Amino acid sequence: MTDRKTTHFGYQEVPVEEKAGRVAEVFHSVAARYDVMNDLMSGGVHRLWKRFTIELSGARPGQTILDIAGGTGDLTARFSRIVGPEGQVVLADINESMLRVGRDRLMDRGIAGNVEPVQADAQYLPFPDNTFDCITIAFGLRNVTDKDLALRSMLRVLKPGGRLLVLEFSRPQSKLLEKVYDQYSFRLLPFMGKLVADDADSYRYLAESIRMHPDQETLKQMMADAGFVDCEYHNMTGGIVALHRGIKP
Ligand SMILES: C[S@@+](CC[C@H](N)C(=O)[O-])C[C@H]1O[C@@H](n2cnc3c(N)ncnc32)[C@H](O)[C@@H]1O
């Protein structure tokens with residue numbers, strides 16, 4: 001018997017050192033179809049969740065923003081317009097394929113100049129202390145192996161007074177909604193993934209990883225434990241998604 005440390009990859013128990021590789025496979029696999037699947041799966045509602053995230057960020061012209069696990073760059077594109085030529089947005093993601101799709105998509109939309117793509121792991125952010133006015137991580141934290149480590153890393157690179165916004169799937173607030181949502185995620189999602197992206201497994205992982213992610217109150221406490229203050233969250237779409245906000249003291 002070995003006492004190797006394990007963690008979750010969806011519902012599977014895997015050695016800690018294997019999780020990042022398994023997550024990487026998922027996002028290499030979905031990168032090309034990621035945007036179309038996002039719109040399809042959420043019926044376009046992910047755009048509203050992201051709009052609210054931007055509103056709560058309080059971003060202003062001239063600021064420096066980190067969009068970690070930024071993927072194909074939805075939030076980055078919006079921040080780029082807000083911070084303007086005097087500001088800067090770092091689009092960071094651990095996954096080369098997602099980052100490549102994101103970079104191409106930003107160029108296609110004419111967004112350049114104040115955006116820097118960086119391949120980086122949320123757990124070990126390669127930036128000096130006190131760099132950013134705001135950090136966002138949208139639908140990224142649940143994929144990170146050591147979430148506490150990532151939260152502490154984000155705290156370190158935020159400026160004092162800076163904000164962290166975590167947009168993530170969470171716990172539906174009513175039993176009925178939970179039932180409908182379970183049917184949708186475990187039956188329809190893998191089916192759509194198979195049909196559109198020929199990849200049922202990745203979308204099964206999506207449904208499972210959402211169930212394994214800490215609920216609203218647990219994540220709020222994790223942020224406080226990492227050192228954030230004034231931690232709060234807003235439920236959206238009945239708690240299917242929650243936006244957490246914490247401030248660096
Ligand atoms: C579901 S996508 C979200 C993309 C984008 N933020 C959005 O909201 O559409 C999750 C992203 O997290 C990235 N990711 C997973 N683990 C990460 C880590 N440890 N550090 C940085 N990014 C990570 C994946 O590569 C993927 O691009």
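Two residues are in contact if their C-beta atoms, placed from the backbone, lie within 7 Å. With that in hand, here are the views. This is a predicted model, in which local features need pLDDT of at least 70 and side-chain atom pairs count only at pLDDT 80 or more, while totals for chains, interfaces and linings use all residues. Residues are numbered from 1 along each chain as its sequence is written.

View 1. Helices (H or I, at least four residues) and strands (E, at least two) are DSSP runs, numbered from the N terminus. Among contacts between residues at least 6 apart in sequence, 68% join residues at least 24 apart. The C-alpha atoms fill a box of roughly 45 × 40 × 40 Å along the principal axes. Buried residues make up 42% of the 249 residues; here buried means that 20 or more other C-beta atoms lie within 10 Å of the residue's own, exposed means 12 or fewer, and partly exposed is in between, with C-beta atoms placed from the backbone.

**View 2. The shell around the ligand.** Of the 20 residues around the ligand, Ala69, Gly71, Asn95, Ala122 and Ala138 come nearest; a residue belongs here if its C-beta atom, placed from the backbone, lies within 6 Å of the molecule. The shell divides into 10 nonpolar, 7 polar and 3 charged residues. In this count Ala, Val, Leu, Ile, Met, Phe, Trp, Tyr, Cys and Pro are nonpolar, Asp, Glu, Lys and Arg are charged, and the others, Gly among them, are polar.

**View 3. Asp93 and Ala122, two residues with a UniProt annotation.** The unreviewed UniProt entry gives "binding site" for Thr72, Asp93, Asp121 and Ala122; positions are in the numbering used here, feature names are shortened, and annotations may be inferred rather than shown by experiment. Asp93 is found in strand S4 (residues 88-93) and counts as buried because it has 29 C-beta neighbours inside 10 Å. Leaving aside neighbours within four places in sequence, its contacts include Ala69, Gly70 and Gly71. Ala122 sits in the loop between strand S5 (115-119) and strand S6 (132-138). With 25 other C-beta atoms within 10 Å, Ala122 is buried too, and among its contacts beyond four places in sequence are Ile68, Ala69 and Ser153.

**View 4. Helix H6 and its packing partners.** In H6 (residues 147-157), the buried residues are Lys147, Ala150, Leu151, Ser153, Met154, Leu155 and Val157. They pack against strand S3 (64-68), S6, strand S7 (158-169) and helix H9 (216-226).

**View 5. The largest nonpolar core, with 64 residues.** Such a core is a set of buried Ala, Val, Leu, Ile, Met, Phe, Trp, Tyr and Cys residues joined through C-beta atoms within 7 Å. Ile65, Leu66, Ile135, Ile137, Met154 and Leu167 have the most contacts inside this core. Its largest share, 6 residues, comes from S7.

**View 6. Two loop residues with positive phi.** Asn130, in the loop between S5 and S6, has a phi near 55°, a positive value in a residue other than glycine. Asn130 is partly exposed, with 13 other C-beta atoms within 10 Å. Asp198 is not a glycine either, and its phi is about 50°. Asp198 lies in the loop between helix H7 (175-197) and helix H8 (200-212), and counts as exposed because it has 9 C-beta neighbours inside 10 Å.
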